[in-house]
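Please read this briefing with the sequence and the structure side by side, taking one topic at a time.

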Amino acid sequence: MEYRTVIMYVEIGCFITCLCGWILVSSTLPTEYWTFSEVSSLVLTTSKHYSNLWRDCVSDTTGVSDCKDYPSLLALPGFLHACRALAVCAVITGFFGGVLTLIGMKCTKIGGTEITNARVTFSGGVTYLVSGFCGMIVYSWWANKVVTEFVDPNFKAQKFEIGAAVFIGWGGSILLICGGTVLTYFSAKEGLVSSSAKRERRPVSYATARTRRTYMPMSLSSRTTLGPPLYYPGARSHITKATRTAQTFSRDTFV
């Protein structure tokens, strides 16, 4: 099997993995079961409290549930604002990561050259990584707050437990991070390394520059004598020097 075919199948697998992770992360936003608590004194008076980033809900054993949105946006704590922003960023970046990956994949043939497609796929993989890390921060931060309040003996308010939506979000974030990492690695290996290799030029060393000398023949005039050679290998060079010096004449000799 050719290398290009293997990379194509890897890209398809990573795209499907990241798409599943993005769907799981997106499905947790409208889900109310981020935290839940069951308060029961008698069987007929059992009630469940559950909430998410947007609203609080309560239900009883008869199946009647009532949900209420948070009354004021400005009165919410900064923790909830940060979790909302990160969750929305995870969904948006995951969407654009899917678009970029779909354009740059080898099986779609939408882009230009192979290097251009690899760079677009690399951008999609990085965007998937950002989406996965944003989701992981949200769910881990939320779970840490719930666990801290639950095990704190000085916390007198109603205590909650981690809901199913947090576990679903963790799974989706892991899929996004794993798929984005593999996609980024193979696309960077093809797109970024190839472009940098073309720009590389072998630098001329100092020794190479010193050895490449150009020797030009000396222009002899009528009154110019031959000078000694630059290098004399042994006694023979001295003999040659003496012979050439003895055979030097000037123009006045012939006059």
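This is a predicted model: local features need pLDDT of at least 70, side-chain atom pairs count only at pLDDT 80 or more; totals for chains, interfaces and linings use all residues.

**The nonpolar core**

- The largest nonpolar core has 26 residues, and among these W34, L53 and W142 are the ones that touch the most other members.
- Two or more residues of this core come from each of the elements α1 (3–27), α2 (78–104), α3 (114–151) and α4 (164–199), and the largest share, seven residues, is given by α3.
- As a general background, nonpolar side chains tend to be buried together in soluble globular proteins.

**The pair α2 and α3**

- The axes of α2 and α3 come within 7 Å and cross at roughly 155 degrees, and because angles over 145 degrees count as roughly antiparallel, α2 is described as roughly antiparallel to α3.
- The crossing in which α2 passes α3 is left-handed, and the contact of α2 with α3 has, by class, 19 nonpolar, 14 polar and one charged residues.

**The residue F96**

- F96 has its place in helix α2, and F96 counts as partly exposed because its relative accessible area is 46%, which lies between the limits of 20% for buried and 50% for exposed.
- Although F96 and S131 are 35 residues apart along the chain, their C-alpha atoms are separated by 9.6 Å.

Key
Residues are numbered from 1 along each chain as its sequence is written. Side-chain values use heavy atoms; hydrogens and water are left out. A nonpolar core is a set of buried Ala, Val, Leu, Ile, Met, Phe, Trp, Tyr and Cys residues joined through side-chain atoms within 4.5 Å. Buried means under 20% relative accessible area, exposed over 50%, partly exposed in between (1.4 Å probe, protein chains only). Helices (H or I, at least four residues) and strands (E, at least two) are DSSP runs, numbered from the N terminus. Axes are lines fitted to C-alpha atoms, for helices over the stretch in contact, and angles run from 0 to 180 degrees between N-to-C directions. Angles under 35 degrees count as roughly parallel, over 145 as roughly antiparallel, 65 to 115 as roughly perpendicular and the rest as oblique. A crossing is left-handed if the near helix is turned anticlockwise from the far one by less than a right angle, and right-handed if clockwise. Ala, Val, Leu, Ile, Met, Phe, Trp, Tyr, Cys and Pro count as nonpolar, Asp, Glu, Lys and Arg as charged, and the others, Gly among them, as polar.
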